[in-house]
Amino acid sequence: MAAQTQVQITIPKDHNGQKQAPEEDFDYSQRSQYFQQWVRAAVLGANDGLVSIASLMMGVGAVQKDVKAMILTGFAGLIAGACSMAIGEFVSVYSQLDIERAQMKRNKTTEGQNQECEEGDKEQLPNPFQAAVASAIAFSLGAIVPILAAAFIANHKVRLAVIVAAVSLALLAFGGIGAFFGKSPMVKSCARVLIGGWMAMAITFGLTKLIGSTTGMEL
């Protein structure tokens, strides 16, 4: 009978002579999901800044032809919106952080979680300050588009048209990025974002024009 070959498997030991369990492979798909979530959140924040500030400037443009008034209004909206987004994101993430910390304490009590696992869980906790800063930056990047589009156009009607054109291109870009990371149809996503932006600007312009003309507040 043929001799049987024995294969010996060596399990590494630590400095105390204790056998160590093989390390688990790092889950790269989880890191990819986190990255996609951050990108989608950034796109949504930038889209919010783009639409809200563009609509605000169109509303001012409906009753005010002065380019300085439009730009100053846009910057005021940018600052207020970025602060609002940052505060809202900070409160939201901090609330989630409290919930996850409480869950970690329960796990440690009921399951006897070791120190290494606890430290690993702490590293995965969300950072409220980072989330707040990222949200404010994303909003500001979108909000600056209509401001820059209007800054160097002297003619009032041309300025409004340039704002709509620049915002439309940015909306298409944001819609495409969101569709790519959200795995949704590209054409439908771009059309949905574009139509939503147009509606916001048109409604703001129309209602502000109506209020200005009926109350005599047009300048």
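A disulfide is a covalent bond between the sulfur atoms of two cysteines. This predicted model holds 0 disulfides.

| Residue | Relative accessible area | Class |
|---|---|---|
| C83 | 42% | partly exposed |
| C190 | 13% | buried |

C190 counts as buried because its relative accessible area of 13% is under 20%. For C83 the value is 42%, which lies between the limits of 20% and 50%, so C83 is classed as partly exposed.

**The nonpolar core**

The largest nonpolar core is made of 31 residues. Within this core, M57, I163 and V167 have the most contacts. The most comes from α1, which supplies 10 residues. Leaving aside residues up to four places away in sequence, I163 touches M57, M58, M70, P146, A149 and A150.

**The pair α5 and α6**

The axes of α5 and α6 lie 8 Å apart, and the two helices pack at an angle of about 145°. The crossing of α5 past α6 is right-handed. On the α5 side, the residues in contact include L160, V164, V167, L171 and F180. On the α6 side, they include M186, C190, V193, W198 and F205. Sorted by class, this contact has 14 nonpolar residues, 5 polar residues and no charged ones.

Two residues link these topics. V167 is one of the residues with the most contacts inside the core, and V167 also takes part in the meeting of α5 with α6. C190, a buried cysteine, is among the α6 residues that meet α5.

How values were computed:
Residues numbered from 1 in each chain as written. Predicted model: local features only at pLDDT ≥ 70, side-chain atom pairs only at ≥ 80, totals over all residues. Heavy atoms only, no water. Disulfide = S-S within 2.5 Å. Buried < 20%, exposed > 50% of the residue type's maximum accessible area, 1.4 Å probe, protein only. Core = buried A, V, L, I, M, F, W, Y, C linked by side-chain atoms within 4.5 Å. Helix = DSSP H or I, 4+ residues; strand = E, 2+ residues; numbered from the N terminus. Contact = heavy atoms within 4.5 Å. Axes fitted to C-alpha atoms, helices over the stretch in contact; angles between N-to-C directions. Left-handed = near helix turned anticlockwise from the far one by under 90°. Nonpolar A, V, L, I, M, F, W, Y, C, P; charged D, E, K, R; others polar.
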